[in-house]
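Try each task yourself before you read its solution.

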Amino acid sequence: MVGSTGINAAVVQSIGHHIPTGRQTNDELALIIDTNDEWIRTRTGVQTRSRAAADEPTSVLAARAGAAALAGAAGAEIDTVVVATTTPDMKCPATAPLVADDLGLTGVTAFDVNSACTGFLAAMSVASGLIAAGSSRGVLLIGAEKYSSSVYQLDRGTAPIFGDGAAAVVVRPGEAGEHGAIGRVHLVSDGALRYLAHVRAGGSHHPFSADMDPHDPYLRMDGRALYRHAVAKMVETCQDTLRARGMGVDEVDMLVAHQANARILKEVAGKLGVDPDKALVDLADIGNTAAASIPIALSRAHHRGELRTGDTVLLTAFGAGAAWGSTLLRWPAMASETSTAAARELSPTG
């Protein structure tokens with residue numbers, strides 16, 4: 001059974017997402033860099049990537065997703081807003097207070113979590129701890145990214161991959177044995193792998209300077225090494241999570257990995273022994289949305305009717321840091337639609 005009974009727990013109550021309407025196709029990208037549609041599709045699974053407008057920073061995407069989740073959580077008492085992101089509106093302040101203000105949530109606790117693509121899992125752990133400790137009565141937990149602002153458009157290794165979007169869940173107090181209860185989130189890191197994916201400039205180690213490389217303010221990745229480590233570490237952490245719960249892989253109804261790359265997702269499923277039909281691949285029309293990718297995938301699967309109450313969902317991610325993790329979630333009962341905006345995002349072609 002996922003979780004145990006008789007203790008306070010954080011429970012997912014509702015979910016919603018927002019994906020901007022702008023798109024950049026593979027053919028359009030090929031006009032800028034040396035690539036083509038076939039090369040991108042066969043290596044990443046991405047056909048188009050979502051693109052937010054200039055006046056849609058991460059906070060706007062996050063607030064719209066937050067509103068969608070709140071619409072499905074009637075009576076929720078939100079006193080905490082947590083935003084998982086690596087593309088904040090500004091270096092300072094955090095994005096979460098801006099989101100809270102946009103949503104009219106005054107006087108609440110609001111802060112960001114930066115654990116790159118593992119950010120949503122890390123934020124789930126934080127939200128769970130706040131509720132279990134009695135420090136919060138309700139958390140609006142959002143994964144949001146505007147990666148079009150963080151990717152060097154002439155970089156063949158990153159520009160084809162990333163997209164923009166956000167998704168949110170409302171987390172309430174409840175019992176550990178009920179559907180939606182967040183159990184232990186297994187989180188791991190290894191700073192020795194920091195250069196697998198990183199943004200070189202802008203921090204205290206490499207401040208901005210007039211003579212920096214044009215690529216320095218943007219994301220860099222070692223694609224081949226990242227692929228190898230991502231597969232190995234996600235498989236390992238999933239196995240650890242299943243073992244800790246005394247469960248077998250055959251008890252998993254859906255594997256929802258961070259939507260990094262279709263090839264990575266399929267290899268993780270294969271090495272775990274998960275039926276390919278149970279491994280969610282949901283990036284063809286939006287790309288990799290980093291910290292937002294797991295909740296977006298969950299929300300879109302929910303709105304397509306692919307998740308049923310009581311389904312056992314295995315979540316896992318690997319991202320910059322390096323940081324990775326996993327957890328199990330028994331899917332809760334919730335409304336089939338949390339907002340009109342989210343309901344429009346039903347088809348895999350967007």
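This is a predicted model: local features need pLDDT of at least 70, side-chain atom pairs count only at pLDDT 80 or more; totals for chains, interfaces and linings use all residues.

Residues are numbered from 1 along each chain as its sequence is written, and side-chain values use heavy atoms, without hydrogens and water.

**Exercise 1.** Find how many aromatic pairs the model has, and describe the one formed by Tyr-147 and Phe-162.

*Solution.* Start with the rule: rings of Phe, Tyr and Trp (its six-membered ring) pair if their centres lie within 6.5 Å; planes under 30 degrees apart are stacked, over 60 edge-to-face, and the rest tilted. The count comes to three aromatic pairs. Next, take Tyr-147 and Phe-162: their centres are 4.7 Å apart with 20° between the planes, a stacked pair. Both residues lie in the loop between strand S6 (139–146) and strand S7 (164–175), 15 residues apart; strands are DSSP runs (E, at least two residues) and helices are runs of H or I (at least four), numbered from the N terminus. Finally, check burial: both Tyr-147 and Phe-162 are buried.

**Exercise 2.** Work out why the pair of Tyr-152 and Tyr-218 counts as stacked.

*Solution.* The ring centres are 5.6 Å apart and the planes meet at 25°, so the pair is stacked. Tyr-152 is in the loop between S6 and S7, and Tyr-218 is in the loop between strand S9 (197–199) and strand S10 (219–221), 66 residues away in the chain. At 23% relative accessibility, Tyr-152 is partly exposed.

**Exercise 3.** Which residues touch the most other members of the largest nonpolar core?

*Solution.* A nonpolar core is a set of buried Ala, Val, Leu, Ile, Met, Phe, Trp, Tyr and Cys residues joined through side-chain atoms within 4.5 Å. Of its 42 residues, those with the most such partners are Met-234, Leu-255, Ile-264, Val-268, Leu-272, Leu-314 and Phe-318. Among the elements that each supply at least two residues are helix H6 (223–245) and strand S12 (312–319). H6 gives the most, with eight residues.

**Exercise 4.** How many disulfides are there?

*Solution.* A disulfide needs two cysteine sulfur atoms within 2.5 Å. The count is zero. For Cys-117, the nearest cysteine sulfur, that of Cys-238, is 15 Å away.

Terms used. Buried means under 20% relative accessible area, exposed over 50%, partly exposed in between (1.4 Å probe, protein chains only).
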